[in-house]
Amino acid sequence: AAHIAFAVLSSLGSQNLMSERDSPTSQLREAAGIVLKAMSSCSSSATSFLRSNRAISVLMAAASEEGMMQNSSLRAEWAPRCLGMLEAGAIIMNRAWTQLKCKSSSDSDEDDEDVDSPPMMPGNSFYGGDEHMGQYGSIHGGGSSMNLSKSNLDLLLEAIDAGAIPLASLVVFSKIEFHDQPKACGSIRAKIACCRLLSAMFGIARSDGT
């Protein structure tokens, strides 16, 4: 599902669409963003697929298009059209930040180990093959920690180049229609997604050691 939704969002993004019109094409784009948000929130493999295909730039570009801040007819007018794209982008960035925090924690635990402890033998989770490797790969071997840092730094630069910060600023400073409770909830969700996106970006920047 993530592959199909991303293909839809990418292919339609290359066209000169009039996003301000509630056309079937714009609704299809919005639906693709909703699917990507759902898949990335429950599937790490979907998140990995989106990261490897530079989805963050596609999501930010789609969310920044004219008319995407308007209320969505797919959601009964209570949320902006860009909500799914913003939430998907926030999930991707937060997963990357979580990886960096886990790596930093593992490195810290390693430094605290007793220097007289017996050495780890080949074939264990640190030195062994892929079947013994943890979620974030080998800590000691093959420079995988450096590759992880480089990958997350590339993701951060990709998000910056895609205009994530100006977009998040625009959403965060947008007005909330408190007199309309459903619309207020939609606006708050969009603001929360942007805050999570910015938080992860700054977290990656602070955690990266390159």
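View 1. The model is a predicted one, in which local features need pLDDT of at least 70 and side-chain atom pairs count only at pLDDT 80 or more, whereas totals for chains, interfaces and linings use all residues. Residues are numbered from 1 along each chain as its sequence is written, and side-chain values use heavy atoms, with hydrogens and water left out. A salt bridge (a side-chain nitrogen of Lys or Arg within 4 Å of a carboxyl oxygen of Asp or Glu) joins Lys37 to Glu87, with their closest N and O atoms 3.9 Å apart. Lys37 belongs to helix H2 and Glu87 to helix H5, so this pair ties together parts that are 50 residues apart in sequence; helices (H or I, at least four residues) and strands (E, at least two) are DSSP runs numbered from the N terminus. Glu87 is buried, at a relative accessible area of 11%, and its side chain also meets that of Arg189 in a salt bridge of 2.9 Å, N to O. Arg189 lies in helix H8, so its pairing with Glu87 in helix H5 ties together parts that are 102 residues apart in sequence. Arg189 itself counts as partly exposed, at 30% relative accessibility.

**View 2. Glu65 and Arg29 meet through their side chains in a salt bridge of 2.9 Å, N to O.** The two partners come from distant parts of the chain, 36 residues apart, with Glu65 in the loop between H4 and H5 and Arg29 in helix H2. Arg29 is buried, with a relative accessible area of 2%, whereas Glu65 counts as partly exposed at 23% relative accessibility. The count of salt bridges comes to three.

**View 3. The largest nonpolar core comprises 44 residues, and those with the most contacts inside it are Leu36, Leu59, Met60, Leu86 and Met93.** A nonpolar core is a set of buried Ala, Val, Leu, Ile, Met, Phe, Trp, Tyr and Cys residues joined through side-chain atoms within 4.5 Å. Elements giving two or more residues to this core include helix H1 (2–13), helix H4 (55–64), helix H6 (144–161) and helix H8 (181–207), while H5 gives the most, with ten residues. Once neighbours within four places in sequence are left aside, Met60 is in contact (heavy atoms within 4.5 Å) with Met85, Gly89, Ala162, Ala164, Leu167 and Leu197.

**View 4. In helix H3, the buried residues include Ala46, Thr47, Phe49, Leu50 and Arg51.** Just after H3, Arg54 adopts a positive phi of about 55°.

**View 5. Leu157, Ile160 and Ile165 make up a nonpolar patch on the surface, with about 240 Å² of accessible area together.** Patches are made of residues with over 30% relative accessible area and no salt bridge, like charges being joined within 9 Å and nonpolar side chains (Val, Leu, Ile, Met, Phe, Trp, Tyr) within 5 Å. Accessible areas come from the Shrake-Rupley method with a 1.4 Å probe, and for residues only the protein chains shown count as cover. Leu157 is found in helix H6 and counts as partly exposed, at 43% relative accessibility.

**View 6. The whole chain has eight helices and zero strands, with a mean pLDDT of 77 and 71% of its residues scoring at least 70.** Here pLDDT is the predictor's confidence in each residue, from 0 to 100. Confidence is lowest in H6, at a mean of 78, and highest in H7, at 94. Over residues 14–20 pLDDT stays under 50, and the model has 13 contacts beyond four places in sequence for them; residues 114–143 likewise stay under 50, with 29 such contacts. Where pLDDT is low, the predicted coordinates should not be read in detail. Of the 210 residues in the chain, 39% are buried, and the accessible surface comes to about 11300 Å², of which 57% belongs to carbon and sulfur atoms. Among contacts between residues at least 6 apart in sequence, 70% join residues at least 24 apart.

Key:
Buried < 20%, exposed > 50% of the residue type's maximum accessible area, 1.4 Å probe, protein only.
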